[in-house]
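Okay everyone, thanks for coming.

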Amino acid sequence: MAESGPGTGTGTGTGMSTPGAVFTASTTESASLYDGLERMSVGELTAAINAEDKKVALAVEESLPQINALVEAIVNAFQQGGRLFYIGAGTSGRLGILDAVECPPTFGVSHGMVIGLIAGGDSAIRKAVEFAEDSTEQCWMDLQAHNIATKDVVVGIAASGRTPYVVGGLERAAANGNVTGCVTCNKGSAVAQKAHYPVEVVVGPEFVTGSTRMKAGTAQKLVLNMLTTASMIRIGRVKGNKMVDMQLSNEKLVDRGTRMIVDELAIEYDGAKKLLLEHGSVRAVLDHAAK
């Protein structure tokens, strides 16, 4: 596609990967390192899966420079009043939604600040929608339904790196002037070529050949954790190491917030809880106490 967005490059955070780059063999579809799975005992199965899972964090570590660049882009968007959109299909789409919906209760931000979109719509969260991911146009229509603005960031999530819903969404978003990123588990994929800030975490063959809900899904979840957590910290949504803006949506969180205040202000539990319920958040209590 034509060059657009914040410069050009090869996936180091300075721009989109070179159009027409060679798409290497799909690691996510490679044959498992194990065979005869049906003859393994339960202990053998879980030990082998665990051995494969240990490789995931190391693969993510190798991608930290790419992750860092995408985080910086997201932080910049947030500081300009922009939003973060995750787009994906199947497991990848569900992981994006999971990360998005956890941001309001964890960091006290609005539900519209981080939005997860899945091919096939919300019904696809629980039940697969046939062929929903095969449209290159639907994602852009889904983004338009949320009134996407040029200050928003769009991050495509696709283990294979070739999901049409994601490829088409990133291409249209970039053409619209949006900063784009991706999280994929294959090198040189179509999704990475459409992203200004590609994150490529190559975890190797899955234990069950092609079952990307396993290592690839775990890798994606780890990266998404980093994207939103690091970004929220950078825009001031954590104080020290505490979720001072978390929503008090249940008794467990009220208790957690109360204990934060006890630790910070060195007061009794009952008094801390009274202040928390009066002011509505840990941050509000601490700000009031600092006056």
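I'll go through a helix pair, then a strand pair, then one more helix.

Quick housekeeping: this is a predicted model, so local features need pLDDT of at least 70 and side-chain atom pairs count only at pLDDT 80 or more, while totals for chains, interfaces and linings use all residues. Residues are numbered from 1 along each chain as its sequence is written, and side-chain values use heavy atoms, with hydrogens and water left out.

Helices here are DSSP runs of H or I with at least four residues, strands are E runs of at least two, and both are numbered from the N terminus.

So, helix α1, residues 42-62, packs on helix α2, residues 64-79, at about 60°, with the axes 5 Å apart. That angle makes α1 oblique to α2, oblique being whatever is left after under 35 degrees (roughly parallel), over 145 (roughly antiparallel) and 65 to 115 (roughly perpendicular). Val 60, Glu 61 and Glu 62 of α1 touch Leu 64, Pro 65 and Ile 67 of α2, where contact means heavy atoms within 4.5 Å.

Next, the strands. β4, residues 179-184, runs parallel to β5, with four bridges joining them; pairing takes at least two DSSP bridges. Cys 182 sits opposite Pro 198 in β5. And β5, residues 197-200, is covered on both faces: Tyr 197 and Val 199 on one side, Pro 198 and Glu 200 on the other, all buried, meaning under 20% relative accessible area with a 1.4 Å probe, protein chains only.

Last one: in α10, residues 282-290, Val 282, Val 285 and Leu 286 are buried. They span an arc of only 95° around the axis, so they're on the same side of α10, the arc being taken from the directions from the helix axis to the C-beta atoms. What do the buried residues of α10 pack against? α8 (251-265) and α9 (269-279).

Terms used. Buried means under 20% relative accessible area, exposed over 50%, partly exposed in between (1.4 Å probe, protein chains only). Axes are lines fitted to C-alpha atoms, for helices over the stretch in contact, and angles run from 0 to 180 degrees between N-to-C directions.
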